[in-house]
Amino acid sequence: MRSFIVAALVLAPPLCVGSVALAQERTPSPPGAEVYIISPKNGAIVHNPVRVQFGLKGMGVAPAGVKFDNTGHHHLLIDTDPPADESVPLPATDKIVHFGKGQTETTVNLSAGKHTLQLLFADYQHIPHSPPVISKKITITVKP
Ligand SMILES: [Cu+2]
């Protein structure tokens with residue numbers, strides 16, 4: 001019992017420090033880091049399933065949960081803008097798709113018509129780096 005209390009006291013301070021640091025310090029991205037959509041190209045007319053290939057320069061891919069300098073994992077933004085608050089973990093929605101296993105491509109099925117695609121890289125906790133590593137937004141047209 002006594003040792004349990006001691007352990008709790010020892011553990012408590014680092015947890016507090018960690019949560020404060022989380023709110024203030026984002027994982028830095030190295031200068032020149034770049035994420036981009038290899039394919040499809042901006043303006044492409046495509047059919048389902050749409051194969052999307054992710055490009056990355058100056059950083060490495062690591063699975064979510066694995067903390068390693070200058071790494072992160074891809075997020076595909078479909079028909080949406082990046083969240084305004086980039087200091088919190090990205091939500092997982094139909095429009096913000098996480099590739100936490102370290103995938104570098106995917107296939108999506110989209111309704112016929114125009115769609116936008118954009119890649120946002122984020123750290124092991126799904127929080128965008130500082131400065132954020134984000135691709136240009138491309139527009140594609142999906143044929144019925
Ligand atoms: Cu993620």
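**Figure 1. D79 in the loop between β5 and β6.** D79 lies in the loop that runs between β5 and β6 (96-98) of this predicted model. Phi of D79 is near 55°, a positive value in a residue other than glycine. With a relative accessibility of 32%, D79 counts as partly exposed, because that value falls between the 20% limit for buried and the 50% limit for exposed.

Figure 2. The copper ion is coordinated by NE2 of H73, NE2 of H75, ND1 of H98 and ND1 of H126, at 2.0 to 2.1 Å. Along the chain, these donors follow the spacing H-x1-H-x22-H-x27-H. H73 belongs to strand β5 and H126 to the loop between β8 and β9, so the pair ties together parts that are 53 residues apart in sequence. The angles among the four donor atoms run from 92 to 152°. The site is classed as irregular, because a tetrahedral assignment requires all angles to lie between 85 and 135 degrees.

Figure 3. H73 is buried, with a relative accessible area of 0%. H126 counts as partly exposed, at 24% relative accessibility. H126 is located in the loop between β8 and β9. The backbone of H126 has a positive phi of about 70°, although this residue is not a glycine.

**Figure 4. The largest nonpolar core.** The largest nonpolar core has 20 residues. Those with the most contacts inside this core are V50, V52, L76, V108, L110, L117 and I140. Five strands each supply at least two residues of the core: β1 (34-39), β3 (50-57), β5 (71-78), β8 (113-122) and β9 (138-142). Apart from this core lies another, of five residues, among them L77, L90, I96 and A122. In soluble globular proteins, nonpolar side chains tend to be buried together.

**Figure 5. Surroundings of V108.** Which residues does V108 touch, not counting those up to four places away in sequence? They are N48, P49, V50, V52, L76 and I78. Of these contacts, V50, V52 and L76 are listed, as is V108, among the residues with the most contacts inside the largest nonpolar core.

**Figure 6. I37 in strand β1.** I37 lies in strand β1 and counts as buried, at 12% relative accessibility. Leaving aside neighbours within four places in sequence, I37 is in contact with V52, Q53, L117, Q118, L119, S135 and I138. The C-alpha atoms of I37 and E105 are separated by 9.4 Å, and the two residues are 68 residues apart along the chain.

Figure 7. The peptide bond from S39 to P40 is cis, with omega near 0°. P40 is found in the loop between β1 and β2 (45-46). P49 has its place in the loop between β2 and β3.

**Figure 8. A112 and the residues it touches.** A112 is found in the loop between β7 (105-108) and β8. With a relative accessible area of 49%, A112 is partly exposed. Not counting residues up to four places away in sequence, A112 touches V142, K143 and P144. The C-alpha atoms of A112 and K143 are separated by 5.3 Å, although these residues are 31 residues apart along the chain.

**Figure 9. K57 over the ring of Y36.** K57 lies over the face of Y36, at 5.5 Å from the ring centre.

**Figure 10. The fold as context for the close-ups.** The protein has one helix and nine strands. From the N terminus on, the elements run α-β-β-β-β-β-β-β-β-β. Of the 144 residues, 33% count as buried. Among contacts between residues at least 6 apart in sequence, 69% join residues at least 24 apart.

Terms used: Residues numbered from 1 in each chain as written. Predicted model: local features only at pLDDT ≥ 70, side-chain atom pairs only at ≥ 80, totals over all residues. Heavy atoms only, no water. Core = buried A, V, L, I, M, F, W, Y, C linked by side-chain atoms within 4.5 Å. Buried < 20%, exposed > 50% of the residue type's maximum accessible area, 1.4 Å probe, protein only. Helix = DSSP H or I, 4+ residues; strand = E, 2+ residues; numbered from the N terminus. Contact = heavy atoms within 4.5 Å. Lys NZ or Arg CZ within 6 Å of the ring centre and 35° of its normal. Donors = N, O, S within 2.8 Å, 3.2 Å for Na, K, Ca; no water. Tetrahedral: all angles 85-135°; square planar, octahedral: opposite > 155°, others 65-115°.
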